[in-house]
Amino acid sequence: PSGVVALGKTKAAWIPAMAGSVPTISELWAATATNLSFYIPGGEFPLDVTQNTGQDVRLGSVQVYDVLGQKSYQIPDINYIADIQTPGTTTPAFLMTDGATGFIIIRYGILASTDWTIGQKVDSFPVTLGARTKGKTSADEFGKFVYVQKAVVSGPANFDVAIAS
């Protein structure tokens, strides 16, 4: 396949509640939902997974087999641009508080400026937000203030699920 250009084609959102395991269009359009895509600096929002491995040793075998165990998904500390003095009530700085629970929703392959629509495939991560501190995107004259916040995946992650009606 020719592939899909990635530049500008990752959309991330924070939603405080989801009725089921798949986000609905109304949840993504709710007043409490926040499009994080234009607040997160840089060109990446790297997620990671670790998975335990073990060995399956058999009495009659001369070979030891490896087996896969439990998975753990990690979200890096979330950096998001913030107006520290006047955050505004619809921004991550206002809505993503220490101890808040909700969902990080990520869509790949469609411009971030494109609205959510039913049927688009997304990844969904239930998260608990932790402490945050202030930082900068860079030390030079172009740096902007950000909040840097811990986030942990606190439930089952869902991949490539279609946005429901």
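The legends below describe views of a predicted model of one protein chain.

**View 1. Secondary structure elements of the protein chain.** The chain contains 2 helices and 9 strands. Read from the N terminus, the order of the elements is β-α-β-β-β-β-α-β-β-β-β. One of the strands, β9, spans residues 158-162.

**View 2. Extent and contacts of the protein chain.** Among contacts with a separation of 6 or more, 66% join residues 24 or more positions apart in the chain.

**View 3. Surface and burial in the protein chain.** Of the 165 residues, 32% count as buried.

**View 4. Charged side chains of the protein chain.** The chain carries 11 positive and 13 negative charges. The mean position of the positive charges and that of the negative charges are 3 Å apart.

View 5. D160 lies in strand β9, which covers residues 158-162. The backbone of D160 has a positive phi of about 55 degrees, although D160 is not a glycine. D160 counts as exposed because its relative accessibility is 54%, and the cut-off for exposed is over 50%.

How values were computed:
Residues numbered from 1 in each chain as written. Predicted model: local features only at pLDDT ≥ 70, side-chain atom pairs only at ≥ 80, totals over all residues. Heavy atoms only, no water. Helix = DSSP H or I, 4+ residues; strand = E, 2+ residues; numbered from the N terminus. Buried < 20%, exposed > 50% of the residue type's maximum accessible area, 1.4 Å probe, protein only. Contact = heavy atoms within 4.5 Å. Lys, Arg positive; Asp, Glu negative; His and termini not counted. Charge placed at Lys NZ, Arg CZ, Asp CG, Glu CD.
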